Amino acid sequence: GVAVASAGVVDPAAGAIVSATGTMPGWGGTPLGAMLAEATGLNVRVLNDVHAHGLGEATLGAGRPYRSVLSIAVGTGIGGAFVEDGRVAFGARGIAGHVGHVGHRLGEGFACPCGRDGHIEPVASGTGVVRLYRSRGGSPDVNDGAELRRLADRGDAEARRAFSDAGAALGEVLGSLANCLDPEAIVLSGSLSGVGEYWWAPLRAGYRRQAMDPVRGVPLVRGTLGGDAPLLGALAYAAEFQEEECTR
């Protein structure tokens, strides 16, 4: 068979791309699963890339010891997946896990790729933290998160402040989500998870500020699968259907 992890909101039953942001013009509406099935003659399973990432980490990575995992990918954007007993919670329309589109006061005044204002992604993703830094008078020559991280690693105060504030805000969002979902663990991966304690420490503190007492002790752990996580998650998703078909 064919297992696919794709950007965009995916209808997992049909394998079609329901919608996508302006980052991928024209991708929404693509019948990806049907196209690949016709081209290959094989069974095809399509999963949203962040859902696949979360499933990979939950079943084969850092979340493996836990029954329920909230997986958060913090890179160019911010996405997530809630995985319980090896199954992703998709929601009624396939958009569950859009963590980057949770509101936070730090995001007020910053336009989100979804067209709204005040979401966490425009200030706490890899591109968002750069935007936050530059909005405060930081060097306009800094164009990506890797450059900003190099500045922060060298001790630049404004670069560190941007990472610290972004981490704290994301931590508060995660604390609120833990209050709603009650995961056994939260796994963070993506480029920002490799940033130092000037991001992690404020994130943990922000989490504790918002998390209710029963979930304050939920471990916040770094993912272990790196860029392989979505591929392994898509494979696990396809294998689940194969196993079901074999047991009928």
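Reply: Happy to. In this predicted model, helix 6, covering residues 157–181, packs with helix 7, covering residues 197–210, at an angle of about 35 degrees. Their axes lie 6 Å apart, and the crossing is right-handed. Sorted by class, the residues in this contact are 10 nonpolar, eight polar and three charged.

Each of these two helices also has a salt bridge worth a look. As background, side chains of opposite charge can pair when their charged atoms come close. In helix 6, Arg 161 and Glu 158 are three residues apart, which means that about one helical turn separates them. Their side chains meet in a salt bridge, with 3.1 Å from N to O. How open to the surroundings are the two partners, given that buried means under 20% relative accessible area and exposed means over 50%? Arg 161, at 34% relative accessibility, falls between those limits and so counts as partly exposed. Glu 158 has 35% and is therefore partly exposed too.

Moving on to helix 7, which spans residues 197–210, you will find Arg 204 in a salt bridge with Glu 197. The closest N and O atoms of this pair are 3.1 Å apart. Arg 204 has a relative accessibility of 30%, so this residue is partly exposed. Glu 197 is partly exposed as well, with a relative accessible area of 46%.

Now for a pair elsewhere in the chain. Glu 84 forms a salt bridge with Arg 67, and the closest N and O atoms are 3.4 Å apart. This pair links distant parts of the chain, 17 residues apart. Glu 84 belongs to strand 6 (residues 78–84), while Arg 67 sits in the loop between helix 2 (49–60) and strand 5 (68–74). With a relative accessible area of 34%, Glu 84 is partly exposed; Arg 67, at 49%, is partly exposed too. For Arg 67, that value is still not over the 50% that exposed requires, so the label partly exposed holds.

Which residues are linked with this pair in a network of salt bridges? The network consists of Arg 67, Glu 84 and Asp 85. To put these pairs in context, a search of the whole structure finds nine salt bridges; among them are Glu 84 with Arg 67, Arg 161 with Glu 158 and Arg 204 with Glu 197.

Terms used:
Residues numbered from 1 in each chain as written. Predicted model: local features only at pLDDT ≥ 70, side-chain atom pairs only at ≥ 80, totals over all residues. Heavy atoms only, no water. Axes fitted to C-alpha atoms, helices over the stretch in contact; angles between N-to-C directions. Helix = DSSP H or I, 4+ residues; strand = E, 2+ residues; numbered from the N terminus. Left-handed = near helix turned anticlockwise from the far one by under 90°. Nonpolar A, V, L, I, M, F, W, Y, C, P; charged D, E, K, R; others polar. Salt bridge = Lys/Arg side-chain N within 4 Å of Asp/Glu carboxyl O. Buried < 20%, exposed > 50% of the residue type's maximum accessible area, 1.4 Å probe, protein only.
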